[in-house]
Amino acid sequence: MKLKLLTSAAALFAMLVSPASAAEKRDGKYWMVIGSRQAVSHIDPGQSYDYSIRMMTLALYDGLVKYTGNPPEVEPWLATDWTTSEDGLVWTFNLAPEATFHNGDPVTAEAVVYSYKRVLELNEGASWMLSDILQPENIKALDAHTVEFTLDRAYAPFLSFLPWWFIVNPAQVEANVVDGDYGKAWLAENDAGSGPYEMERFDQGTAYWLARDADYWKGFPYDSDEMGGVIYRMIQESSSQRAALMSGEADLVSDLTPEEFDVVAGRPDIEVTASPMLATFGLKINTQGKLMSDINLRKAVAYAFDYETLLQIYNGKATLQTSPFADAIKGKVDIDMPRQDMAKAKDYLSKTPWPEGGITLEYVYVQGLEEQRQMGLSLLNSLKELNIELEMVPLTWSNMVARASSAETSPDLMAVFATPVLTDPDAVAIQYHPISNGKYYGSHFIQDDELTALIDQGRKLSDWEERAPIYAEIQQKIVDIQPEIFGMLRMRQFAHRDYVKGFVDTPIRMSSEIDLYPIYIQP
């Protein structure tokens, strides 16, 4: 079932502003509106990702396996089962023979080979997860529904990374390759997947329409066939999200402030969920910047920051970090972390070329995200005691990502939620490795040979008894070089109308990422 595209400007405006609630049907189907602040820069599963991109690719594509539940566990998806050789090098997956792409083509082992090779050769997005243990030539289709991976070395977290590697239809992608771009331009706004939803309309910065595939090969976990699709609609302000939810103009919202979350939680027709995040929040520091390349200045700013502000902003629905690793990350150890201490801040500042201050730092945060603005105001106030000015710059997320792409353009401080893709410590440590430079979570551009060597060593081992002390040392080393102001872990909070059913949260998802597959409307 596909939504008929609107042709007139008036009809388009009506769709954007009118409610898509349980009271309204289009072509006899319900269309659920999700209100969110973050635009979707593209929907190519081979390119960069953030929470809005990953939410879309999760709906449009399938992986061999998928994370479900809380605590999150890997579940068979395109692969029905798999085996591993005794030495841990060879992994063999058997595919579901009934799996088909949206255009009707079968999902084959060759499609899996093509998709993995594409990501590895693009060297973008999820490539970092497997690039140093898996070579493109070592991925083979044994037959139509059997695919084999031969790793360079045994790697315990291998299976845990696979939910983020999605399978594309080679025929569709190759038909749209331009100048050897691996189909990137076409896939930015079109899907070639086999997932529960299809891309119906892509209006950048406004709204994105996903039509539910009623013939999805895996079926749906609910009996109703009345769900027509999802409209992911940009609603920048938290107050506007709250108003849209309460009026029925939006059915689910993901970016309410703690105060507004508490307000809607009191409504009998609105349901809320709150669960601990795996993600951490911090102010990433450009360690190669003109000013913040100075370790003592980084330390001075870290000790000037009022960490209690974070807890106040989130009405106590957060906890301060006691390590660069989140509590749920394997091998996490408690570290003596900086807390506000102006005497220490002034002492560190005295060791810099600017002992009396007189400098200006740039703080970049997500435009419209009130909590991050408040954090900046708190830092601005603290830095006054050091005679340091703070220029607060709100940007759209896509512009923030662009700024973070090089050490020359990355700001002094950038507000970032970073979500590990699994609970293995490598998923966090890799953020502080040169391989992550230029990505939003690697916008600190660390150059520390000792830390890099430790991370590489930890990645190459399989035995946890050998890995554990290495990751303990990594955590301490990261804190020592102060590549960010380590902040907090907060609750993931969502609010939706009571007719929205099937919503399931899992902490491994990114800050406002939602799995659309199990959600439906039941009036």
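Predicted model: local features only at pLDDT ≥ 70, side-chain atom pairs only at ≥ 80, totals over all residues.
Helix H9 spans residues 295–304. Nine of its ten residues are buried, so H9 is largely enclosed by the rest of the structure. The buried residues are Asn 296, Leu 297, Arg 298, Lys 299, Ala 300, Val 301, Ala 302, Tyr 303 and Ala 304. At the start of the helix, a side-chain oxygen of Asp 294 lies within 2.9 Å of the backbone nitrogen of Asn 296.

Two packed helices are described by the angle between their axes and the distance between the axes. For H9 and helix H11 (residues 342–350), the angle is about 165° and the axes are 8 Å apart. Angles over 145 degrees count as roughly antiparallel, and H9 is therefore roughly antiparallel to H11. The crossing of these two helices is left-handed. On the H9 side, the contact is made by Asn 296, Leu 297, Lys 299, Ala 300, Tyr 303 and Ala 304. On the H11 side, the contributing residues are Met 342, Lys 344, Ala 345, Tyr 348 and Leu 349. Sorted by class, the contact of H9 with H11 comprises eight nonpolar residues, one polar residue and two charged residues.

H9 also packs against helix H16 (residues 464–481). The axes of H9 and H16 come within 9 Å and cross at roughly 95°. Since angles of 65 to 115 degrees count as roughly perpendicular, H9 is roughly perpendicular to H16. Ile 295, Arg 298 and Lys 299 of H9 meet Val 479, Asp 480 and Ile 481 of H16. This contact of H9 with H16 has three nonpolar and three charged residues, with no polar residue. Lys 299 is listed in the contact with H11 and also in the contact with H16.

Helix H16 also contains Arg 467. Arg 467 has a relative accessible area of 2% and is buried. Beyond its neighbours within four places in sequence, Arg 467 is in contact with Pro 157, Asp 424, Pro 425, Asp 426, Gly 458, Leu 461 and Ser 462.

Glu 513 is also buried, at 1% relative accessibility. Glu 513 belongs to the loop between strand S19 (500–501) and strand S20 (520–521). The side chain of Glu 513 reaches the backbone nitrogen of Met 510 at 2.8 Å. With residues up to four places away in sequence not counted, Glu 513 touches Tyr 51, Arg 54, Met 55, Leu 58, Trp 164, Arg 492 and Phe 494.

Gln 135 is partly exposed, with a relative accessible area of 27%. Gln 135 sits in the loop between helix H3 (109–122) and strand S6 (139–143). When residues up to four places away in sequence are left out, Gln 135 touches Leu 120 and Asp 152. With Asp 152, the side chain of Gln 135 makes a polar contact, side chain to side chain, at 2.8 Å. Gln 135 and Thr 150 are 15 residues apart in sequence, and their C-alpha atoms are 8.3 Å apart in space.

Val 263 is part of helix H8 (residues 258–265). At 46% relative accessibility, Val 263 counts as partly exposed. Val 263 and Asp 463 are 200 residues apart along the chain, with a C-alpha separation of 49 Å.

Backbone torsions were also examined. Most residues other than glycine have a negative phi. Asn 315 has a positive phi near 50°, and Asn 387 has a positive phi of about 60°. Asn 315 lies in the loop between helix H10 (308–313) and strand S14 (318–320), where Asn 315 is partly exposed with a relative accessible area of 35%. Asn 387 lies in the loop between helix H12 (370–383) and strand S16 (388–395). The relative accessible area of Asn 387 is 41%, and Asn 387 is likewise partly exposed.

Terms used:
Residues numbered from 1 in each chain as written. Heavy atoms only, no water. Axes fitted to C-alpha atoms, helices over the stretch in contact; angles between N-to-C directions. Helix = DSSP H or I, 4+ residues; strand = E, 2+ residues; numbered from the N terminus. Parallel < 35°, antiparallel > 145°, perpendicular 65-115°, else oblique. Left-handed = near helix turned anticlockwise from the far one by under 90°. Contact = heavy atoms within 4.5 Å. Nonpolar A, V, L, I, M, F, W, Y, C, P; charged D, E, K, R; others polar. Buried < 20%, exposed > 50% of the residue type's maximum accessible area, 1.4 Å probe, protein only. Polar contact = N/O pair within 3.5 Å; in protein donor to acceptor, adjacent residues only side chain to side chain.
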